[in-house]
Amino acid sequence: MEIDLSEARQTFVTESIELLQEMEGALLRLEGSPGDQETINSLFRSAHTIKGSSGVLGIESVERFTHAVENLLCKVRENEIRIDKKIIEVLFECRDHIQVLVDCASSGAGLSQGLLSREAELVKRLGSCIGGRGDAPDKTTEKETSGAEAGEGRLAATNAWHISIRFNGDLFRNGMDPASFLNYLAGLGETISITPLFERMPAAPEMDPEECYLGLEVDFRSEFDKKTIEDVFEFAREGSVIHILPPHSRVEAYMDMIRSLPEDFLLLGEILIKGGALTQHELDEALDMQKGEDAGAEQHKRLLGEIMVNEGMIYPEVVDAALERQKLSQASRSKEARTMRIDANKLDSLINLVGELVISGANMGQHARRLKDGWLTESASIMSRLVEEIRDNAMRMRMVPIGETFSRFNRVIRDIGRDSGKDIELKISGGETELDKTVIEKINDPLMHLVRNAADHGIEMPEERASKGKAPKGTVRLNAYHDAGSIVIEVSDDGRGLSRERIFKKACALGLLSPAQTPSDSELFRLIFEPGFSTAEQVTKLSGRGVGMDVVKRNIEALRGAVDVESDGRSGTTVRIRLPLTLAIIDGFMVGVGGSSYVIPLDMVVECVEFSEAERRAANRRRYMNLRGEMLPYIRLRDFFGTQGQEARFENIVVVRCAGQKAGFVVDDLYGEVQTVIKPLGRVYRDVKGIAGATITGNGKVALILDAPALMEGAGGGATASNLN
Amino acid sequence: MAKTIMVIDDSASIRQVVNITLKKAGYDVVEACDGRDALGKLTGQKINLMVCDVNMPNMDGISFLKALKASQGYRFTPVIMLTTESQESKKQEGKEAGARAWVVKPFKPEQMLEAVSKLILP
């Protein structure tokens with residue numbers, strides 16, 4: 001039978017990745033509490049499932065190796081082996097190796113020599129963990145050879161098999177049909193005769209219609225061996241009496257022989273099984289019979305008790321329990337039932353459509369207002385409220401908590417700690433903070449770089465920490481929280497902090513600063529995000545990865561985010577990443593400059609004030625104003641974008657706040673709040689500074705979305721630069 | 001009418017393999033990812049046979065069997081257990097709980113179909 005399993009293979013790869021992730025989590029938990037049985041169980045189950053699935057799919061490389069891992073875990077689970085640091089370490093490495101094997105299987109690549117020797121090494125170490133207890137799984141080898149035994153004595157005259165069955169009375173109740181066995185049997189050979197026996201059938205009034213009273217005597221010719229024929233009745237075996245006698249065999253010969261020689265029972269049985277005359281099952285039955293004779297009536301009693309339990313004495317309670325479970329399962333369905341996997345493309349196209357809906361809804365609202373039709377306006381406003389809800393829901397579908405991404409770094413920290421001899425702890429907070437899925441996918445690499453940096457360069461060796469009066473255990477912290485419409489992710493450590501001196505020297509060497517300048521801490525530290533900037537100590541394991549802080553910055557800016565760094569020599573370094581909540585739709589504040597419209601993300605807008613005549617006159621000399629006693633740097637959008645045309649008579653300042661800083665944008669007109677669907681800019685405009693995207697307004701015109709953080713850098717930076725000069 | 005078989009396994013890929021195999025042989029297939037999920041899905045529909053994994057989260061195969069045998073509607077539905085060779089003891093446990101057959105992982109599609117055709121009523 002040819003079955004296409006390529007799809008199932010794909011499922012296997014996805015599933016394995018999840019399971020390996022779970023394994024990693026379990027191993028990390030085990031490091032903290034080695035005795036936790038629940039964790040050990042889940043670890044075992046993960047390995048077990050991977051082994052089972054890979055076996056079914058014929059991915060031998062994975063199956064073979066995972067089997068070895070499972071063996072060890074099995075012993076651990078049975079409490080035969082105590083789990084310790086060494087075992088956990090081996091298991092970590094095995095987990096990684098399984099991952100490599102799965103990757104190979106998914107790409108169709110063969111195993112290299114290096115991988116094979118790695119596997120051999122790991123298997124050896126697994127074996128040494130198990131110790132002398134034998135690493136092969138307990139297998140009952142049931143080797144059956146076909147053919148009848150050339151026995152002595154009187155042989156049956158027929159050349160056919162004889163099968164004698166007295167069916168179990170519960171056969172019908174167990175959902176089986178005697179005829180199905182005969183049908184199946186007919187497929188194996190030629191049925192010569194069937195003799196049904198009804199001796200057990202009581203008179204009609206006593207007869208239980210659900211009880212099976214049937215017995216059969218079948219003569220049957222077949223080329224198949226005894227095991228195959230016996231297997232036909234595998235499911236009827238329990239409670240039924242079945243004898244299968246091969247052609248030319250002595251009637252009851254084997255059983256009689258065994259019974260007559262009880263002292264050598266096992267030995268004889270084994271010999272007979274090896275010779276193919278008896279099957280394991282017949283031997284077991286005979287064994288049971290013998291035991292029964294020895295133990296006598298007491299055993300009968302016990303069996304009876306079991307039957308009663310099985311058949312109904314505790315029936316009501318069991319049903320209750322089952323019902324209870326059923327209720328439970330409805331309340332908290334298992335993972336798969338509660339969540340649905342949706343193709344990301346489908347979701348994207350939904351979001352896109354919702355975006356269009358928002359635009360056309362806004363359009364309709366404008367028309368309704370223009371027509372001054374009360375009914376229409378009301379309908380339009382109800383619709384726009386619904387559209388807004390749909391939009392929010394659609395956006396929420398793409399939101400996933402960042403916790404899972406965070407917890408992956410446990411392993412990274414652990415490995416760095418082990419390799420470098422540092423004692424590092426990862427503290428995670430704000431894992432429940434939700435982010436757009438696309439953002440989470442893209443933030444992974446930058447985060448990885450920052451976390452490695454923090455652990456590798458930030459945290460000092462334990463002795464060094466002790467000499468500074470710090471706790472010997474270093475801490476790397478990952479934190480996430482919402483702040484004014486954006487998500488902030490912080491990677492911080494309590495290590496040595498950034499070295500002002502070294503960065504300054506390097507900056508001068510690169511020509512980014514002149515030695516005469518005295519930049520502020522934040523200006524100086526920002527330089528580490530410049531391309532080619534890496535101080536001498538930063539060249540270790542990380543430099544090989546080819547990802548510098550400039551790449552981190554670029555990745556984050558590609559997500560319309562911003563990154564800054566804070567540090568002092570004592571309490572370590574904090575890198576703060578600020579990301580927009582979503583990539584697709586924002587609430588905006590629309591303003592006009594000249595004939596063009598611009599949108600500022602609403603969450604950043606603090607207030608709008610009139611740009612007074614006096615301030616305007618001063619505008620040529622300085623680019624900051626006095627806002628109720630506070631210095632507010634501002635930027636004239638008209639100048640920034642080089643807008644042509646007559647200057648407006650009245651101007652306004654929109655005060656925005658981002659990353660704890662305030663700045664003003666000078667605009668001509670204030671239009672108010674709008675919902676905007678962000679459309680990405682074309683390739684040519686993608687790198688234009690100060691623009692985050694474009695949107696289509698209700699009247700079909702294009703409005704540019706301002707990249708407030710980038711603009712503010714211009715405004716704030718300009719102000720400080722003039723101070724420096 | 002095609003017979004309906006329920007496949008209960010926590011591994012999505014194994015479910016898929018069994019599903020493909022059985023569908024190809026003309027059976028209808030319902031999937032559940034563990035015992036609890038399966039119980040939740042048994043809401044009166046006709047299931048002619050079940051194929052059930054042993055080691056599963058939430059509710060394992062043995063507990064599921066026990067609950068099934070105690071239920072009204074499905075106590076006579078034959079169940080084939082999917083076990084691995086390292087679980088001989090479980091096999092015995094399954095037998096006591098009322099499993100009618102055992103298919104050992106890794107299995108060939110033919111083996112699965114053979115076990116099914118032996119148990120399913122014509």
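In chain B, strand 4 (residues 79-84) runs parallel to strand 5, to which it is joined by 5 bridges. Within this pairing, Ile80(B) has Ala101(B) of strand 5 as its bridge partner. These features, like those described below, are taken from a predicted model. The two strands belong to an open sheet of 5 strands in chain B, arranged in the order 2-1-3-4-5 and with parallel pairing. The edges of this sheet are formed by strand 2 (28-32) and strand 5 (101-105) of chain B, each of which pairs on one side only, and the twist from one strand to the next averages 20°.

Of the 122 residues in chain B, 57% are buried. When contacts in chain B between residues at least 6 apart in sequence are considered, 62% of them join residues at least 24 apart. Helix 1 of chain B lies across strand 1 (4-8), strand 2 and strand 3 (49-53) of chain B, and its direction makes an angle of about 165° with strand 2 of chain B.

Helix 1 of chain B also takes part in a contact between the two chains. Helix 1 (residues 6-32) of chain A and helix 1 (residues 12-24) of chain B pack with their axes 8 Å apart and at an angle of about 165°. Since angles over 145 degrees count as roughly antiparallel, the two helices, helix 1 of chain A and helix 1 of chain B, are therefore described as roughly antiparallel to each other. The crossing of helix 1 of chain A and helix 1 of chain B is right-handed. On the chain A side, the contact involves Glu7(A), Ala8(A), Thr11(A), Phe12(A) and Glu15(A) of helix 1, which meet Ala12(B), Ser13(B), Gln16(B), Val17(B) and Ile20(B) in helix 1 of chain B. By class, the residues in this contact of helix 1 of chain A with helix 1 of chain B comprise 5 nonpolar, 3 polar and 2 charged residues.

For chain A, the secondary structure comes to 25 helices and 21 strands. Buried residues account for 31% of the 725 residues in chain A, and among the contacts in chain A with a separation of 6 or more, 69% are between residues 24 or more positions apart.

An open sheet in chain A is formed by 5 strands in the order 6-8-9-11-10, and its pairing is mixed. Strand 6 (424-429) and strand 10 (562-568) of chain A stand at the edges with a single partner strand each, so that one side of each is left without a neighbour in the sheet. The twist in this sheet averages 15° from one strand to the next. Helix 17 (residues 409-420) of chain A lies across strand 6 and strand 8 of chain A, and runs at about 165° to strand 6 of chain A.

Strand 9 (residues 486-493) of chain A has 6 of its 8 residues buried, so this strand is largely enclosed by the rest of the structure. Strand 8 (residues 474-483) of chain A and strand 9 of chain A run antiparallel and are joined by 8 bridges; Tyr481(A) stands opposite Val488(A) of strand 9. Strand 9 of chain A also pairs with strand 11 (residues 572-580) of chain A, in the antiparallel sense and over 8 bridges, and here Glu490(A) stands opposite Arg576(A) of strand 11.

Elsewhere in chain A, Asp669(A) is found in strand 19 (residues 669-677). With 15 C-beta neighbours inside 10 Å, Asp669(A) counts as partly exposed, because that class lies between the buried residues, with 20 or more such neighbours, and the exposed residues, with 12 or fewer. When residues up to four places away in sequence are not counted, Asp669(A) touches Val591(A) and Gly592(A). Although Asp669(A) and Val591(A) are 78 residues apart along the chain, their C-alpha atoms are separated by 5.5 Å.

Note on methods
Residues numbered from 1 in each chain as written. Chains lettered and ligands numbered in written order. Predicted model: local features only at pLDDT ≥ 70, side-chain atom pairs only at ≥ 80, totals over all residues. Axes fitted to C-alpha atoms, helices over the stretch in contact; angles between N-to-C directions. Helix = DSSP H or I, 4+ residues; strand = E, 2+ residues; numbered from the N terminus. Parallel < 35°, antiparallel > 145°, perpendicular 65-115°, else oblique. Left-handed = near helix turned anticlockwise from the far one by under 90°. Contact = placed C-beta atoms within 7 Å. Nonpolar A, V, L, I, M, F, W, Y, C, P; charged D, E, K, R; others polar. Pairing = 2+ DSSP bridges.
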